[in-house]
Amino acid sequence: MAAKLKDVAQEAGVSLATASRAFSSVDMLAPDTRRRVLEAAQRVGYDMPAPHRSRTIAVLVPDVSNAVYAAMLRTIQEKLWPGRHRMLLADTSEDPARETELLETLGREADGVILCSPRSDPAAAGRAVGSTPLVVVNGEAEQAPVVLMDVEQGLRQATEHLQSLGHDSLVYVPGPAASWANRTRCQILTDLAAQRQLDLTVVGNQSADVHGGLASAAAVAASGATAVIAYNDLVAMGIQAGIRTLGYRCPDDISIVGIDNVDVAAASDPGLTTVQVDIDKSGSLSLAMVMDQIDGKPVHTGPVRLGSQLIVRGSTAPPPDSGTESVTADAVAGAVRGRRPRTGSTRR
């Protein structure tokens with residue numbers, strides 16, 4: 001009959017709790033006590049579990065103030081805590097050079113690395129971390145597992161929703177040019193617009209925050225489109241505020257759709273229609289994959305895609321009545337100078 005932990009405790013002359021700590025909480029015992037328990041375990045033939053060792057996981061994000069990364073970091077921290085593992089957090093500030101330098105440093109200091117939304121070359125990350133286990137979230141990587149928050153289904157639903165409301169002209173406000181997610185979202189929308197015979201305008205790249213949305217508001221209004229899809233919810237809410245200063249209302253004049261479904265999206269006025277992605281699962285899955293690599297377990301090498309879906313709220317509605325005057329660049333310029341649109345004027 002196999003020896004049990006209570007047999008070890010009796011042989012070593014310690015309590016059952018002390019015997020358990022010798023295998024699960026090494027730091028809580030004096031070295032002599034732990035050695036006595038381990039020797040007793042060998043004498044009685046106890047099958048000793050592998051000793052627990054706290055791991056250090058480095059997580060790199062391009063902007064720690066972004067609600068998406070904040071939610072992901074919270075999930076990773078919650079999953080790490082029961083094992084008393086540690087998280088090292090680094091904000092790359094959207095800088096590819098800083099990202100590479102941090103990867104090189106943290107690759108030496110951490111047991112594993114999670115790189116979120118990389119801005120550097122796909123091959124650079126693998127070279128920078130060397131042999132340290134690496135998982136990439138929402139990006140490309142060579143010889144590293146990848147977790148993707150795939151927005152294709154949600155954007156398909158968004159274009160169908162807008163077209164069913166009567167919109168036939170859309171504008172996409174992109175995020176950072178170096179972002180894999182931005183390039184992917186732009187291509188998906190380009191393909192969907194062609195399939196559904198929608199007029200799509202893509203304006204200039206913006207920062208992935210409210211300021212980026214504010215900066216794009218005039219271009220959105222001047223585009224002549226009746227609906228806008230933004231790179232993410234923060235950009236969408238910036239657009240919402242920006243067009244208001246130009247004298248236009250959401251959704252009466254322009255419908256707005258975001259991506260991510262961060263908490264504040266539901267609290268905006270009107271509530272933001274958005275493509276929901278699985279932020280929490282991306283955090284927990286990327287952590288599980290990097291921990292498996294550390295433990296030498298087999299890991300799925302291809303990209304793991306997490307789905308998306310449209311959440312409809314008050315920021316989308318039918319477009320203004322057709323046949324009326326459209327917004328021109330001159331009208332936007334006038335609004336910027338303080339002249340609101342004429343009473344009753346609409347965008348189409």
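In helix H7, the residues Gly154, Leu155, Ala158, Thr159, His161 and Leu162 are buried, where buried means under 20% relative accessible area, exposed over 50% and partly exposed in between, with a 1.4 Å probe and protein chains only. These residues lie on the same side of H7, because they cover an arc of only 160 degrees around the axis; the arc is that of the directions from the helix axis to the C-beta atoms. This is a predicted model, in which local features need pLDDT of at least 70, side-chain atom pairs count only at pLDDT 80 or more, and totals for chains, interfaces and linings use all residues. Residues are numbered from 1 along each chain as its sequence is written, and side-chain values use heavy atoms, with hydrogens and water left out.

**Helix H7 and its surroundings**

- Helix H7 comprises residues 152-165; helices (H or I, at least four residues) and strands (E, at least two) are DSSP runs, numbered from the N terminus.
- The 14 residues of H7 reach 20 Å from the first C-alpha to the last, close to the 20 Å expected at 1.5 Å a residue; the expected span is 1.5 Å times one less than the number of residues.
- The packing partners of the buried H7 residues are strand S6 (169-173), helix H8 (180-196), strand S8 (227-230), S9, S10 and strand S12 (308-311), with contact defined as heavy atoms within 4.5 Å.
- Just after H7, Gly166 adopts a positive phi of about 115 degrees.

**Cis peptide bonds**

- The peptide bond from Cys250 to Pro251 is cis, with omega near 5 degrees, and Pro251 belongs to the loop between helix H10 (233-245) and strand S9 (255-260).
- A cis peptide bond also leads from Asp269 to Pro270, with omega near 0 degrees; Pro270 is located in the loop between helix H11 (263-267) and strand S10 (273-277).

**Ser315 and its contacts**

- Ser315 is in the loop between S12 and helix H13 (329-336) and is buried, at 0% relative accessibility.
- Its contacts, leaving aside neighbours within four places in sequence, include Cys250 and Pro251 as well as Pro270; Gln240, Ile254, Ser255, Ile256, Gly271, Leu272 and Thr273 are also among them.
- The side chain of Ser315 reaches the backbone nitrogen of Thr273 at 2.8 Å.

- Glu94 has a positive phi of about 60 degrees although it is not a glycine; Glu94 is placed in the loop between strand S2 (86-91) and helix H5 (96-109) and is partly exposed, at 30% relative accessibility.
- Asp260, also a residue other than glycine, has a positive phi near 125 degrees; Asp260 lies in strand S9 and is buried, with a relative accessible area of 8%.

**Thr18 in helix H2**

- Thr18 is part of helix H2 (residues 16-24) and counts as buried because its relative accessibility is 16%.
- Beyond residues up to four places away in sequence, Thr18 touches Leu29 and Thr33.
- Thr18 and Leu29 are eleven residues apart in sequence, and their C-alpha atoms are 7.7 Å apart in space.

**Cysteines**

- A search of the whole structure finds zero disulfides, a disulfide being a pair of cysteine sulfur atoms within 2.5 Å.
- Cys116 is buried at 1% relative accessibility, whereas Cys186 is partly exposed at 21%.

Key. Polar contact = N/O pair within 3.5 Å; in protein donor to acceptor, adjacent residues only side chain to side chain.
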